[in-house]
Amino acid sequence: MLKFVGTPQAFPGKRAPMLRAEDFREIADRYAPPAAEDQAGRCSQCGVPYCSVHCPLHNHIPDWLRLTAEGRLREAFELSNSTSTMPEICGRICPQDRLCEGNCVIEFSGHGAVTIGSVEKFITDTAWEEGWVEPLVVGAPRGQSVGIIGAGPAGLSAAEYLRGHGYDVHVYDRYDRAGGLLTYGIPGFKLEKHVVMRRVDRLKEGGIVFHDNFEVGRDASMTELRQRHDSVLIATGVYQPRAIKAPGVGSEGVVDALDFLTASNRKGFGDAVPAFDDGSLDAAGKHVVVIGGGDTAMDCVRTAVRQGAASVKCLYRRDRANMPGSQREVANAEEEGVEFVWLSAPEAFLSGDRVTGVKASRVRLGAPDASGRRAPEVDPDGGFDVPADLVIKALGFDAEDLPHLFGAPELGVTRWGTVLVDNKTLMTSLDGVFAAGDIVRGASLVVWAIRDGRDVSAAMHKWLKAKAAGERKAA
Ligand code: FAD
Ligand code: SF4
Ligand code: SF4
């Protein structure tokens, strides 16, 4: 129980910054089995495990840590998979320092948290290699079908559980590959793509039908989907980039983060990407400025480094302590040569034929705002120019106008444009139409999308059973 005193915290080794900046492979090595067992053995098996309380999936963390420490890896895998559809993905990309590990009692005792995410990744990666990951178990056919709009983690998780209940499941996505932001947003150095694709393949083999390149609103309206299926799930994520209102923002060479990251991920798949191939979305040899301080901005700066940028700077209007992005990611970016220009905001984009730099103002932090974060105030006396030939805007995302896009004006939305759901039933204002993931919460985390997919599948199952019973009674 006190092993954490004698066994220091040890994350799996990271590749050297110079080496990892040359490719898009994940930066962390994997534990060798003895190290995973040793690190799992540091858990003191708390009676009230705060790690699990703060994991959105309430994973049975101490139990699978104990099984790992005892070398009972297959059982650890089965337990870990009982609450999550993609534990090896969460183990890689959850901001553990804010969730499970940030709330581990050993962290508070000053000995360094149990390395929960790395062990979680180790368990399920091992299971894939050993062939312990079973095909999807499909329930007895129910004769009812479900249409899911969006193949991100929320849609995929709901699809897996609903297929398990015996429904015919159809997933529609406007992209040519499933996975949502796991595939086209998050770069390979955080999450290698074969890790996502093997999950998608397993779902396909389990009989879930994927309709790629199918955009709801263009290829079918919401009304048509509701006629096709007994129930519909909206899991479309949020894709409207937040705008910067500053002179010159429309100049050539000022690009949106997701366009930049999607192009890079597509190149990783070997696709032809004209806007990358002609240099517009390629940072090679360029002085790059990324504007923003969240996860997306961190992914952009580190992608630019790997593409061979001449220099990479990140401009953010707050300081390090008040940024939304993970501190681990900032440290990784700094190791890789990214320069952070804290307390600075863009005033204008300098340009001739194309962008040549960013005119920035200095910012001071004022009193905390309603969210508790200190509000930035422009310092009228401080201004400076940063030369750049590629500027990437990474200020976050809002919801698209779904009622308009889907031809469904009666679909209720919040004042932020996210889809309104009833807290108990998770149903939208349209009967039999549910919603989950970022499109309900606003831009959030993969682990919350998985949790929402799990919850909404249970709500849909309940509603569909009641519908079938009602139809039987009426017949
Ligand atoms: P998405 O993953 O966005 O999937 C939605 C899917 O719906 C997409 O495939 C889209 O093509 C499809 N779609 C949209 N509209 C339509 C339509 N009309 N018709 C058909 N299909 C449609 N979270 C973390 O936990 N850790 C991280 O490290 C992390 N890094 C991130 C990095 C970036 C660059 C970004 C942008 C986000 C990151 N996130 C991270 C957040 C995380 O990716 C999201 O919270 C999560 O993917 C949301 O899942 P979702 O299923 O709701 O939506
Ligand atoms: Fe931690 Fe995320 Fe895994 Fe939960 S899902 S145990 S928060 S890494
Ligand atoms: Fe183990 Fe830390 Fe969780 Fe306690 S909080 S059960 S020590 S991982």
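Author: We can begin with a ligand and the helices around it. This is a predicted model. Around ligand 2, α7 (87-93) and α9 (116-130) each supply at least two residues of the shell.

Reader: Which helix gives the most to the shell around ligand 2?

Author: That is α9, with three residues.

Reader: Which residues come nearest to ligand 2?

Author: The shell holds 14 residues, and C55, C90, C94, L99 and C100 come nearest. By class, nine residues of this shell are nonpolar, four are polar and one is charged.

Reader: What does UniProt record for residues 20-131?

Author: An unreviewed UniProt entry places the feature "domain: Dihydroprymidine dehydrogenase" there. In the model, the span 20-131 is 51% helix and 0% strand, and its end C-alpha atoms lie 29 Å apart.

Reader: Let us turn to the other ligand. Which residues come nearest to ligand 1?

Author: They are G150, G152, G180, G237 and G437, out of 36 residues around ligand 1. The shell divides into 18 nonpolar, 11 polar and seven charged residues.

Reader: Which helices each supply at least two residues of the shell around ligand 1?

Author: They are α10 (153-164), α16 (295-306) and α20 (446-474).

Reader: Why does ligand 1 lie between domain 2 and domain 3?

Author: Look at which domains give residues to the shell. Domain 2 (145-239 + 398-474) and domain 3 (245-393) both do, so ligand 1 lies between them.

Reader: Which UniProt annotation covers residues 146-453?

Author: The annotation, from an unreviewed entry, is "domain: FAD/NAD(P)-binding". The span 146-453 is 29% helix and 26% strand, with its end C-alpha atoms 14 Å apart.

Reader: How is the packing of two helices described?

Author: By the angle between their axes and the distance between the axes. Here α10 and α20 pack at an angle of about 40°, and their axes are 7 Å apart. The crossing of α10 past α20 is right-handed.

Reader: Which residues of α10 meet α20?

Author: On the α10 side they are P153, A154, G155, L156, S157, A158, Y161 and L162. On the α20 side, the residues they meet include V446, A449, I450, G453, V456 and M460. By class, the contact of α10 with α20 has 11 nonpolar, five polar and two charged residues.

How values were computed. Residues are numbered from 1 along each chain as its sequence is written. Chains are lettered from A and ligands numbered from 1 in the order in which they are written. This is a predicted model: local features need pLDDT of at least 70, side-chain atom pairs count only at pLDDT 80 or more; totals for chains, interfaces and linings use all residues. A residue is near a molecule or strand if its C-beta atom, placed from the backbone, lies within 6 Å of it. Helices (H or I, at least four residues) and strands (E, at least two) are DSSP runs, numbered from the N terminus. Ala, Val, Leu, Ile, Met, Phe, Trp, Tyr, Cys and Pro count as nonpolar, Asp, Glu, Lys and Arg as charged, and the others, Gly among them, as polar. Domain bounds come from an automatic or database domain assignment. UniProt positions are given in the numbering used here, feature names are shortened, and annotations may be inferred rather than shown by experiment. Axes are lines fitted to C-alpha atoms, for helices over the stretch in contact, and angles run from 0 to 180 degrees between N-to-C directions. A crossing is left-handed if the near helix is turned anticlockwise from the far one by less than a right angle, and right-handed if clockwise. Two residues are in contact if their C-beta atoms, placed from the backbone, lie within 7 Å.
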